[in-house]
Amino acid sequence: MAAASRREPAHQDGPADPAPNSDLGATARRNGRVSEPDARRDSGSAPPQAGIRDLIAAYPWLPVVLGLLLSALGVWCFTGLTEQVYQGGPLVRLDEHLLRVSLELRSGPLVGALAVLTWLGDVLVVLPVSLAIGVLIGVARHRWSPLVLLALSSAGTGLAVYLIKIMIARPRPLVVDAVVVEDGFGFPSGHSAHAAALYLMLGVFALRLLRTRWARNALFTAAVLAIVITGFSRVMLGVHSPTDVLAGWTLGASWTVLLLSLWLFAEHLPRLIDSLVARKQRARD
């Protein structure tokens, strides 16, 4: 037989062995065609995670809605406290017990320190500090909305405290002797309300304007401590009941959160209008 015999290819049970992954990855990286997820998988690094600021940037209406809900919750709590005080509910008896406990905690150095720290919520300190910080931010950042917000916060809190004191007409605590002399009615605590309104707003400004995380955290923590110390001092000095302080905190914080929510809404409103107009134009096209 002169014709050459043809040899059939051997049968394979499975596909041919692919090239190793490392060789493929190296070749792709050399050619510049490796994708970003593959590069992260090869390097073993975790994908970046979104933070709170990314969430707010994606949903700018979220802080506004949360702020309005918190403000409404604060008004509801303040209404409940006012009803308890006006009708002589169980919280009034709790007030008397806590005042007696505070009397046992009094000491000379503590009372002396609190008599100074209580000025953090005095209107003679709050108003100048509000105006000074508002002007400082306006000059440094060329933004005058913080000054307007601080002025509205202080003025609105002072007016609300004055009117509610007259309507409720709750006397100062009679269970303990006051260390300092205060006139007028007790509910709500004006020092506590002013401290909550001012220092809470300053803490929010710190979170928005300061660049380093430690500075933001430090200033916000200091603002919270100033609010707490002011209210605590009013009880320890015997010039306010605990419900007076709690109502003052609730009133000042609710008013400030409402102002900040409206401010954020005003900031994002032009962007929202532009987005709606662009969407309407795309629908027409």
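Hi everyone, let's start with two helices: the axes of H8 and H11 come within 10 Å and cross at roughly 145°. Please keep in mind that what we are looking at is a predicted model. If you are wondering about those two numbers, a pair of packed helices is described by the angle between the axes and the distance between them. There is a handedness as well: H8 passes H11 in a right-handed crossing.

Who touches whom here? On the H8 side, the residues in contact include Leu149, Leu152, Gly156, Ala160 and Ile164. On the H11 side they meet residues including Leu251, Trp255, Leu259, Leu260 and Trp263. Sorted by type, the residues of this contact of H8 with H11 are ten nonpolar, six polar and no charged.

Now turn the model to the next pair. Helix H9 covers residues 190–209 and helix H10 covers residues 213–236. They pack at an angle of about 175°, and their axes are 8 Å apart. How do H9 and H10 run, parallel or antiparallel to each other? Angles over 145 degrees count as roughly antiparallel, and H9 and H10 are therefore roughly antiparallel.

In the contact itself, H9 brings residues including His191, Ala195, Tyr199, Gly203 and Leu207. Among their partners in H10 are Arg216, Phe220, Ala223, Ile227 and Arg234. The make-up of the contact of H9 with H10 is twelve nonpolar residues, five polar and two charged.

Let's go inside. In soluble globular proteins, nonpolar side chains tend to be buried together. The largest nonpolar core in this model has 18 residues, and those touching the most other members are Leu149, Tyr199, Met201 and Phe205. At least two residues of this core come from each of these helices: H7 (123–141), H8 (145–168), H9, H10 and H11 (242–284). Which helix gives the largest share? That is H9, with eight residues.

Leaving out residues up to four places away in sequence, Phe205 touches Ile137, Pro146, Leu149, Leu150, Leu210, Leu260 and Trp263.

Next, a few backbone details in the loops. Pro188 sits in the loop between H8 and H9, and a cis peptide bond joins Phe187 to Pro188, with omega about -5°. In that loop we also find Ala169. Its phi is near 55°, a positive value in a residue other than glycine. Ala169 counts as partly exposed, at 34% relative accessibility.

His142 also has a phi near 55°, again positive in a residue that is not glycine. You will find His142 in the loop between H7 and H8. Is His142 buried or exposed? With a relative accessible area of 67%, His142 is exposed, because the cut-off for exposed is over 50%.

One last stop: Val125, in helix H7. Val125 is partly exposed, with a relative accessible area of 26%. How far apart are Val125 and His194, in sequence and in space? They are 69 residues apart in sequence and 9.8 Å apart in space, going from C-alpha to C-alpha.

Methods
Residues numbered from 1 in each chain as written. Predicted model: local features only at pLDDT ≥ 70, side-chain atom pairs only at ≥ 80, totals over all residues. Heavy atoms only, no water. Axes fitted to C-alpha atoms, helices over the stretch in contact; angles between N-to-C directions. Helix = DSSP H or I, 4+ residues; strand = E, 2+ residues; numbered from the N terminus. Parallel < 35°, antiparallel > 145°, perpendicular 65-115°, else oblique. Contact = heavy atoms within 4.5 Å. Nonpolar A, V, L, I, M, F, W, Y, C, P; charged D, E, K, R; others polar. Core = buried A, V, L, I, M, F, W, Y, C linked by side-chain atoms within 4.5 Å. Buried < 20%, exposed > 50% of the residue type's maximum accessible area, 1.4 Å probe, protein only. Left-handed = near helix turned anticlockwise from the far one by under 90°.
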